[in-house]
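Subject: The structure, and what turned up in it

Hi there,

Here is the structure for you to open alongside this message. Please have a look, and then read on for the notes.

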Amino acid sequence: MRKQYILQGIVIGAAVFFLSAIGQAQTASQTTTESGLPDYKRSSLYTVLATHLSQRYGAQIDSVFIQLPVPDKYEDHNLPDRYIACPKRERQISAESMETFIDTSEAAKKMVAKWFDRNPETGTFDLGLVTRRGNYNASEADVREALLTKRGLALIADAGENLIENTFLIINDIVYVDKEKGAQIASAVFAGLALFSAATSVGAAASGNQDAAEAGVAAAELAVLGAAISDAIAGFTVKVTSYLYRLRWNDSIAAVFYNDFWCDTNYAPDEIARRKALFDSLDGQSGLFALDYVGKYRVKSDKTVMRGLHDNNDVIRKVCARALDKNIAALQKKYEVFKTKSPVTAVNGLLLQSPIGLKEGLKPSSKFEVLEQRMDEDGHVTYRRTAVVKPIKHLIWDNRFMAAEEEATGADFNATTFKRVGAGQIAPGMLLRQLK
């Protein structure tokens, strides 16, 4: 047992040293983004909410959903259509309602159009978004050059394999679970506490004990706040079911797109008009652009911590955000195609850091493979495993929604510290991908 504590102390001590030296191990050749993190190709995500306006808190859930950011491990590929209005008879969204939305909104076609910055008025496309997200040189990725050079064609193919086909739609169904009885009890407790604290403060002030009086006022204010939001704290629980779809994209679809629909400002006006009309005529049931169903996951929200909350909207936002993050983390672990990669930002001996944490479902038992990106002479990107790592229990970043406001342990880490398991080389700029 003593040996175990000594080893644990060595690991934690080394981690503390590592944290103090963070950033010193960055290599000069590493390419970084404006945020200072290594460049890498991230999957893209479009999120939609199934709305139940007739249900309690339905309107509030709708209101906070639109304010929630896309998880930072994904590119924001949201479209204007963010809601599916469910009929009153549907306590949870049906497969029919989801398929109807996908078809009538032409979601797949619009997701493709967004990838190529389609101008809806002129019908022209460009590769601005593809080059930005893929970290390509704009001239190298030009379609005209791609048709003439091996290198350019490889970049276009790489964009399809690593960017476009890794575009996902998630339909989130958030259903409120009624716990009104518990809410009323909590509200009464907070109200009684407020009265007691206020009376204590008055008595202390009368006796000249200013410190006690101030403490009583603070307690009374906290209790009043608790009473104001206690029905949401004690009563607001949700069940979230997330349905995952993947945009269908392959060489055959790409060939049709470039041959029949692609046009830019260099094309003749009549040809642009012809291709625009052809693309516009495609509907959600055309079969060319489609979304493939991957799977679903359902969670129940955790108990809410009151610290950092000031009104009912804060409670709803926090509960929904954390439940959605749990679902996304579970979908990543369950389905290989949805797994994300996270960059290694610093290395010191057996220890390394990466900006992922509890939001992504990290546990001390989680294992990740370390991947090295390689590009062959034709421009194709491949990944090679170089090592396996695990997070250190007491050094996992709490990056959940509003963790800083509730003063959660680890909320100020900004990254999780991992230790290498076994042999292998690790360097800043490599990527982590979770193992099952």
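A residue is called buried when its relative accessible area is under 20%, exposed when over 50%, and partly exposed in between, using a 1.4 Å probe and protein chains only. On that basis, 48% of the 436 residues in the protein are buried. Please bear in mind that this is a predicted model, so local features need a pLDDT of at least 70 and side-chain atom pairs count only at pLDDT 80 or more, while totals for chains, interfaces and linings use all residues. Residues are numbered from 1 along each chain as its sequence is written, and side-chain values use heavy atoms, with hydrogens and water left out.

The overall picture: the protein has 12 helices and 13 strands (DSSP runs numbered from the N terminus, with H or I of at least four residues for helices and E of at least two for strands). Taking contact as heavy atoms within 4.5 Å, 77% of the contacts between residues at least 6 apart in sequence join residues at least 24 apart.

Helix 10

Helix 10 covers residues 251-261, and its buried residues are Ile253, Ala254, Phe257, Tyr258 and Phe261. They lie on the same side of helix 10 because they span an arc of only 125° around the axis (the arc is that of the directions from the helix axis to the C-beta atoms). These buried residues pack against helix 4 (107-115), helix 6 (143-146), helix 7 (150-162) and helix 11 (269-281). Asp251, Ser252 and Asn259 are exposed on the other side of helix 10.

Cavities

A cavity here is a set of points, on a 1 Å grid over the protein atoms alone, where a 1.4 Å probe fits but cannot get out; lining residues have an atom within 4 Å of a point. Grid points are joined across faces, edges and corners, and a volume is the space filled by probe spheres set on the points. How many cavities of 30 Å³ or more are there? The count is 3.

The largest cavity holds about 100 Å³ of space. Its lining has 13 residues, and Gln332, Thr340, Ile356, Phe368 and Gln434 lie nearest its centre. Strand 13 (residues 431-434) gives the most to this lining, with 3 residues.

The second largest cavity holds about 80 Å³. Pro71, Lys73, Tyr74, Asp325, Ile328, Ala329, Gln332, Lys359 and Glu360 line it.

Two residues to look at

Glu360 sits in the loop between strand 9 (351-354) and strand 10 (368-375), and counts as buried because its relative accessible area is 11%. Its side chain makes a polar contact of 3.0 Å with that of Asn399 (a pair of N or O atoms within 3.5 Å; within protein, one must be able to donate a hydrogen and the other to accept it, and residues adjacent in sequence count only if both atoms are side-chain atoms). Glu360 and Asp398 are 38 residues apart in sequence, with 9.7 Å between their C-alpha atoms.

Ser342 belongs to strand 7 (residues 342-343) and is buried, at 2% relative accessibility. The side chains of Ser342 and Ser354 make a polar contact of 2.8 Å. Beyond its neighbours within four places in sequence, Ser342 has contacts that include Tyr40, Lys73 and Met430.

Best wishes

Terms used
1 Å grid on protein atoms, 1.4 Å probe; cavity = no way out; pocket = protein on both sides within 12 Å on 5 of 7 lines; lining within 4 Å.
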